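Please consult the sequence and the structure shown here while reading.

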Amino acid sequence: MKTEFLILMPDDEAFCSNKKAFIDFLKVDSLISITGNKINYRKTPKGKDQVSAKFRVETDKVKSNNERYFLLVLECDQQSQIDEFSELSERIKSIVERISPGATAVNTLWDGVGRIYAEKAYPIINEVENLMRRLIAKFMLVTVGMNWSKDAINPELFKKIEKFEDEDPYINDLHKLDFIHLSQVLFEKKRDISLEELDRLLPKTKFNEEDKERILRYIPRSNWEKYFSSLVDEKDHSLERKWDLLYKLRNKVAHNRNVKKSEFDQIKGLAGNIKDVIGKATAKLGEIDINEEDRELIIFSYRSESPSAIGYQTEMAVAEYYARNGYEVSPTPTSSQAFDFIALKEGQKIAVEVKSPRRTTFYPMMNTVLKHTVERWLEYPEYESLSKIHLVCVLREDGSDYPMDKIYFKIDKLMEAFGDKIEIHIGLLNEENAYTPLR
């Protein structure tokens, strides 16, 4: 395991202007001891050493500024001591930040600890994800029937199932789709009667029990609330919140980003809690009893145009556009989801990311791209081998008269800032759901 820090500070600190002074400053902490090229860490001032690591410091002035840098490298061969080594690394960061409070910048150049935690987190998340898939599959089989994927899934998502290439005829349909497309079946709140039906009921002067039941069906409820809440002591909003949080952490692992110890502990805690709830819900599935009307409502809810379905639809349309124009299209590796797909043609390797904003949300979406997406692109392992990066924005129809010239102006300014490697393309889906460039 190796951790590497680059520490920058003003070069006016007389007491910490060389390697010896820097090491002496670290020694002031009673939990740390340094001997030669070894650094030791203990949890209490009088406790025994918990971990020992190789220790190296380099320093020099930053020529262009009145600053000094310290390159600090820690290495530990005992991976079983990852928790203790992580504590040592965090402890050193907190110490050096006090050298010049508010003016010291600690940059992590290499985080071997974070990579190990990410590797340890993957099987934990994978298990929970598959348990949730199994719960949803069993729920759909119980409530809709064996052809639930054909009856209930949005047609565009079902196309993805049909195109899934696998020789195993028994693989569950949920494993052919991204999990984010399916979680709505449990947590998305729906009204079971329309406003028009409610209007027909309310003018009555007297209500029988059947009327009261139908009026209450106007209150939005999720399938979890309707079918599981009485069987499992867990509110839908609580489970959904935990699942969303775990999903965000899962994306960090899937995109090959480093995971902090606190995040790894959070993953373990959330996964354990969710597994317990899923286990109880799965065991109670046989007690769910629905009528034909509820079955039809479940099918209808799956056919709604969710943001995930829209995203999938636009991505497929753009990929087909590139294919029609002679490109060989292939998905990016699952270990690095930096882009939606790769397009190859005549020696050019183009990475493509697809966004589907409304006109009115184009500006904030591009601000998000600047803050987060470009950073993710730069982390792509084969970034240097890319000829171009295409950000394709497929504008969604929203009835807005937001002027296109403002959008074009924003694109031109960003293209100037990005340089030659990154291009921004913009277009629409036509009536046949085919991608059509605007310019």
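Arg42 and Asp49 are joined by a salt bridge whose closest N and O atoms are 3.5 Å apart. A salt bridge here is a side-chain nitrogen of Lys or Arg within 4 Å of a carboxyl oxygen of Asp or Glu. Arg42 is buried, with a relative accessible area of 13%, whereas Asp49 is partly exposed at 39% relative accessibility.

The model is predicted, so local features need pLDDT of at least 70 and side-chain atom pairs count only at pLDDT 80 or more, while totals for chains, interfaces and linings use all residues. Residues are numbered from 1 along each chain as its sequence is written, and side-chain values use heavy atoms, with hydrogens and water left out.

**Salt bridges**

The structure holds 15 salt bridges. Three of them are listed below, with the N to O distance of each.

| Asp29 | Arg91 | 3.0 Å |

The side chains of Asp29 and Arg91 meet in a salt bridge. Because Asp29 lies in the loop between helix 1 and strand 2 and Arg91 in helix 2 (residues 82-96), this pair ties together parts that are 62 residues apart in sequence. Asp29 counts as buried at 8% relative accessibility, and Arg91 is partly exposed at 30%.

Glu382 lies in the loop between helix 14 (362-378) and strand 10 (388-394) and Lys349 in strand 9 (residues 348-355), so the pair ties together parts that are 33 residues apart in sequence. In this pair Glu382 is partly exposed at 38% relative accessibility, and Lys349 is buried at 18%.

**Overall composition**

The secondary structure of the chain comes to 15 helices and 12 strands. Helices (H or I, at least four residues) and strands (E, at least two) are DSSP runs, numbered from the N terminus. Of the 439 residues in the chain, 44% are buried. Among contacts with a separation of 6 or more, 68% are between residues 24 or more positions apart; a contact means heavy atoms within 4.5 Å.

An open sheet is formed by 6 strands in the order 2-3-4-5-1-6, with antiparallel pairing. Its edge strands are strand 2 (32-35) and strand 6 (105-111), each of which pairs on one side only. On average, neighbouring strands of this sheet are turned by 25 degrees against each other, direction ignored. Two strands pair if DSSP finds at least two bridges between them.

Strand 2 and strand 3 (residues 38-41) pair in the antiparallel sense over 4 bridges, and Thr35 stands opposite Lys38. The two strands form a hairpin with 2 residues between them, and Gly36 in the turn has a positive phi of about 60 degrees. Strand 3 is in turn joined to strand 4 by 4 bridges, again antiparallel, with Lys38 opposite Lys54 in strand 4. Strand 1 (residues 2-10) and strand 5 (residues 67-75) run antiparallel and are joined by 9 bridges; Phe5 stands opposite Leu72 in strand 5.

Helix 1 (residues 19-27) lies across strand 1, strand 2, strand 4 (51-62) and strand 5, and runs at about 140 degrees to strand 4. Axes are lines fitted to C-alpha atoms, for helices over the stretch in contact, and angles run from 0 to 180 degrees between N-to-C directions.

**Nonpolar cores and cysteines**

A nonpolar core is a set of buried Ala, Val, Leu, Ile, Met, Phe, Trp, Tyr and Cys residues joined through side-chain atoms within 4.5 Å. The largest has 66 residues, and those with the most contacts inside it are Phe22, Leu88, Trp224 and Phe228. Helix 3 (residues 112-143) supplies the largest share of this core, 13 residues. A second, separate core of 25 residues includes Trp377, Ile389, Cys393 and Tyr408.

Leaving aside neighbours within four places in sequence, Phe22 is in contact with Ile7, Cys16, Val57, Phe70, Leu72, Val96 and Ile99.

Cys393 is buried at 0% relative accessibility, and Cys76 is buried at 2%. With a disulfide taken as a pair of cysteine sulfur atoms within 2.5 Å, the count comes to 0 disulfides.

Notes
Buried means under 20% relative accessible area, exposed over 50%, partly exposed in between (1.4 Å probe, protein chains only).
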